[in-house]
Amino acid sequence: MNDTKAELTRSWLIKASRDLLSARELAEAATPLLDTAAYHCQQAAEKALKGFLLYHDVRFEKSHDLELLIGQTANIDGRFADYVEAARLLTPLAVEYRYPGLFVEPEPEEFRDAFAAARALYDFILGLLPPGIHP
């Protein structure tokens, strides 16, 4: 692997880890911002998946569809199929709470589920990549 690809992969993972940190901080703030925190859960999963695909030289579309990305990653490692439900949970969070309209705040349990799914997927991906790529 060349250094440029390794650094770019690592940068996707750093962004994913920062999205997880942002989600947790926003959820635990004095005034919790669960709508924005839920969005960051989706973003963490998306960026981790894209980093994994980049590492494996797989092109990906500019898409927030985590099921699509899971399908691509499952072609590399079939265990990604275990994360289809996580993808279904997280994908709508890319837009559901992100844009103006009828304001709805996610329930705390919904955020906890989203955070757990994003964290599990991120940790799984880190376990598949060499430590030198980790943030």
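Predicted model: local features only at pLDDT ≥ 70, side-chain atom pairs only at ≥ 80, totals over all residues.

User: Why is helix 2 called roughly parallel to helix 5?

Analyst: Helix 2 (residues 34-55) and helix 5 (residues 108-128) pack at about 20°, with axes 9 Å apart. Angles under 35 degrees count as roughly parallel, so helix 2 is roughly parallel to helix 5. Their crossing is left-handed.

User: What kinds of residues form that contact of helix 2 with helix 5?

Analyst: The contact includes Ala38, Cys41 and Phe52 from helix 2, which meet residues of helix 5 including Phe111, Leu121 and Ile125. The division is 17 nonpolar, no polar and no charged.

User: And why are helix 1 and helix 5 described as roughly antiparallel?

Analyst: Helix 1 (residues 3-28) packs against helix 5 at about 155°, with the axes 11 Å apart. The cut-off for roughly antiparallel is over 145, and the pair is therefore given that name. Among the contact residues are Ser17 and Arg24 of helix 1 and Arg119 of helix 5; the contact divides into 11 nonpolar, 1 polar and 2 charged residues.

User: How do you know that the span of helix 2 agrees with its 22 residues?

Analyst: At 1.5 Å a residue, helix 2 should span 32 Å, and its end C-alpha atoms are 32 Å apart, so the two agree.

Notes
Residues numbered from 1 in each chain as written. Heavy atoms only, no water. Axes fitted to C-alpha atoms, helices over the stretch in contact; angles between N-to-C directions. Helix = DSSP H or I, 4+ residues; strand = E, 2+ residues; numbered from the N terminus. Parallel < 35°, antiparallel > 145°, perpendicular 65-115°, else oblique. Left-handed = near helix turned anticlockwise from the far one by under 90°. Contact = heavy atoms within 4.5 Å. Nonpolar A, V, L, I, M, F, W, Y, C, P; charged D, E, K, R; others polar. Expected span 1.5 Å × (residues − 1).
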